[in-house]
Amino acid sequence: MIMDGETMDVGSVSDLRWVRDAISVARFVMNSTTHTMLAGESATDFAVQMGFTRAPLTTEASARMFDEWRAKNCQPNYWKAGAVVPDPSAQCGPYRPRGPGEEAPPARGGGTDERLLPRSGPGNHDTIGIPLC
């Protein structure tokens, strides 16, 4: 998503496939259409019409991560501790909501859930915007 702070115009894309530089496509949405968001195939088709190249986005590292994930036969572990049964830290599911009276598993690691710790650093950041002067 991109926004012009003076005009409050907005442009964004969601579920963009086969096209790099989503923020640049979002800028074209903001500057070239009356829409605020394009999604899925429409976003991809629009990007190609605007001159963006359709190309695979898979890297060796992302392919390796995907293969490791598939080998574990598990979904990403984004479940809150104690919210579902079975315990997502120990089993892959399928999951269901924890019912009244069902005991939650004990907290691990002194009660700090590593999944909730910030994952920021020099190699991990979000898109930033800098005004052009």
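Is Trp79 buried, exposed or partly exposed? Trp79 counts as partly exposed, at 25% relative accessibility. We'll come back to that residue further on. Keep in mind that this is a predicted model.

Let's start with the sheet. Three strands make an open sheet in the order S1-S2-S3, and the pairing is mixed. S1 and S3 are the edge strands, each pairing on one side only. Between S1 and S2 the pairing is antiparallel, over two bridges, and Ile2 has Gly11 in S2 as its bridge partner. These two strands form a hairpin with six residues between them. Look in the turn for Met8, which has a positive phi of about 65 degrees.

On to S2 and S3. These strands run parallel and are joined by three bridges. Ser12 has Met37 in S3 as its bridge partner, while Val13 stands opposite Leu38 in S3. S2 is mostly covered, with four of its five residues buried.

H1 lies across S1, S2 and S3 and runs at about 130 degrees to S2. H2 lies across S2 and S3, at about 105 degrees to S3. Take a look at H1 itself: its buried residues are Val25, Ala26, Val29 and Met30. They sit on the same side of H1, because they cover an arc of only 145 degrees around the axis. And what covers them? Strands S1 (2-3), S2 (10-14) and S3 (37-39) are included, and so is H2.

That brings us to the largest nonpolar core, which has ten residues: Val13, Leu16, Val19, Val25, Val29, Leu38, Ala43, Phe46, Ala47 and Phe52. H1 and H2 are the elements that give two or more residues to this core, and H2 has the largest share, with three residues.

A pair of aromatic rings is described by the distance of the centres and the angle of the planes. How many aromatic pairs does a search of the whole structure find? The search finds three. In one of them, the rings of Phe28 and Phe52 have centres 5.5 Å apart and planes at 85 degrees, so this pair is edge-to-face. The two residues are 24 apart, and their pair links distant parts of the chain: Phe28 is in helix H1 (residues 22-32), and Phe52 is in the loop between helix H2 (40-49) and helix H3 (60-72). Phe28 is partly exposed, with a relative accessible area of 32%, whereas Phe52 is buried, at 18%.

And so back to Trp79. Trp79 and Tyr95 form a tilted aromatic pair, with 5.0 Å centre to centre and 50 degrees between the planes. Trp79 lies in the loop between H3 and strand S4 (84-85), and Tyr95 in the loop between S4 and strand S5 (96-97), so the pair ties together parts that are 16 residues apart in sequence. Tyr95 counts as partly exposed, at 23% relative accessibility. For Trp79, the 25% from the opening gives that residue the label partly exposed too, because buried means under 20% and exposed means over 50%.

Technical notes:
Residues are numbered from 1 along each chain as its sequence is written. This is a predicted model: local features need pLDDT of at least 70, side-chain atom pairs count only at pLDDT 80 or more; totals for chains, interfaces and linings use all residues. Side-chain values use heavy atoms; hydrogens and water are left out. Rings of Phe, Tyr and Trp (its six-membered ring) pair if their centres lie within 6.5 Å; planes under 30 degrees apart count as stacked, over 60 as edge-to-face and the rest as tilted. Buried means under 20% relative accessible area, exposed over 50%, partly exposed in between (1.4 Å probe, protein chains only). The arc is that of the directions from the helix axis to the C-beta atoms. Contact means heavy atoms within 4.5 Å. A nonpolar core is a set of buried Ala, Val, Leu, Ile, Met, Phe, Trp, Tyr and Cys residues joined through side-chain atoms within 4.5 Å. Two strands pair if DSSP finds at least two bridges between them. Axes are lines fitted to C-alpha atoms, for helices over the stretch in contact, and angles run from 0 to 180 degrees between N-to-C directions.
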